Amino acid sequence: MKFAVVVYGAPYSSQGCLSALKFAEAILNEGHEILRVFFYHDGVYTANNLIAPPQDEPDIPAMWQSLAEANGLDLVACISSCLRRGIVDETGASRYGKKADNLRDGFTISGLGQLIDAALTADRLITFGD
């Protein structure tokens with residue numbers, strides 16, 4: 001079965017982000033496919049490379065990175081949500097006159113068309129967060 005996953009919750013202020021990660025791990029272990037993970041609203045904080053959790057907490061963004069690398073997942077952060085929350089890639093930093101980019105490796109920034117495409121292509125669309 002093909003899944004698309006949408007993450008609305010930030011990694012450390014909502015259970016949604018970690019629950020989505022555990023769900024993704026479980027369905028991949030069962031042999032299913034994830035077409036895309038789309039981070040939306042506060043979920044885009046997962047793509048922020050400047051997040052540095054304390055040593056006694058899990059590094060949820062790094063866990064997403066590892067899962068994506070191991071399984072070839074497409075991790076997409078919504079461009080509008082990113083811009084509102086100060087997350088830009090190298091192109092965006094140049095375009096908007098920012099001194100640096102802060103998009104975590106393994107993530108791409110794109111528009112809602114990527115979410116719509118995933119929803120139309122997948123057998124199931126599953127959402128996590130507020």
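Rings of Phe, Tyr and Trp (the last by its six-membered ring) are taken to pair if their centres lie within 6.5 Å, and the planes of a pair count as stacked when under 30 degrees apart, as edge-to-face when over 60 and as tilted for the rest. By this criterion, the structure holds 6 aromatic pairs. The structure is a predicted model, in which local features need pLDDT of at least 70 and side-chain atom pairs count only at pLDDT 80 or more, whereas totals for chains, interfaces and linings use all residues. Residues are numbered from 1 along each chain as its sequence is written, and side-chain values use heavy atoms, with hydrogens and water left out.

One of the aromatic pairs is formed by phenylalanine 3 and phenylalanine 23, an edge-to-face arrangement with 5.7 Å centre to centre and 80° between the planes. This pair links distant parts of the chain, since phenylalanine 3 lies in strand 1 and phenylalanine 23 in helix 1, 20 residues apart; helices (H or I, at least four residues) and strands (E, at least two) are DSSP runs, numbered from the N terminus. Residues are called buried when under 20% relative accessible area, exposed when over 50% and partly exposed in between, with a 1.4 Å probe and protein chains only. Phenylalanine 3 is accordingly buried, at a relative accessible area of 8%, while phenylalanine 23 counts as partly exposed at 23%. Phenylalanine 38 and tyrosine 40 form a tilted pair, with 5.9 Å centre to centre and 55° between the planes, and both of these residues are buried. Phe3, Phe23 and Phe128 form one aromatic cluster.

An open sheet is formed by 5 strands in the order 4-3-2-1-5, with parallel pairing, where two strands pair if DSSP finds at least two bridges between them. Strand 4 (107-110) and strand 5 (124-128) are the edge strands, each pairing on one side only, and the twist averages 25° from one strand to the next. Strand 1 (residues 2-7) pairs with strand 5 in the parallel sense over 5 bridges, and within this pairing arginine 124 of strand 5 is the bridge partner of phenylalanine 3. Strand 1 also pairs with strand 2 in the parallel sense, over 6 bridges, and here lysine 2 stands opposite glutamate 33 in strand 2. Because 6 of the 7 residues of strand 2 are buried, this strand is largely enclosed by the rest of the structure.

Helix 1 (residues 16-29) has 14 residues and reaches 20 Å from its first C-alpha to its last, close to the 20 Å expected at 1.5 Å a residue, the expected span being 1.5 Å times one less than the number of residues. In this helix, Gly16, Cys17, Ala20, Leu21, Ala24, Ile27 and Leu28 are buried. They cover an arc of only 140° around the axis, which puts them on the same side of helix 1; the arc is that of the directions from the helix axis to the C-beta atoms. The buried residues of helix 1 pack against strand 1, strand 2, helix 2 (60-71) and strand 5, contact meaning heavy atoms within 4.5 Å. Just after helix 1, glycine 31 takes a positive phi of about 90°.

Alanine 93 has its place in helix 4 (residues 90-95) and is buried, with a relative accessible area of 5%. Not counting residues up to four places away in sequence, alanine 93 touches Val88, Lys98, Ala100 and Asp101.

Note on methods. Axes fitted to C-alpha atoms, helices over the stretch in contact; angles between N-to-C directions.
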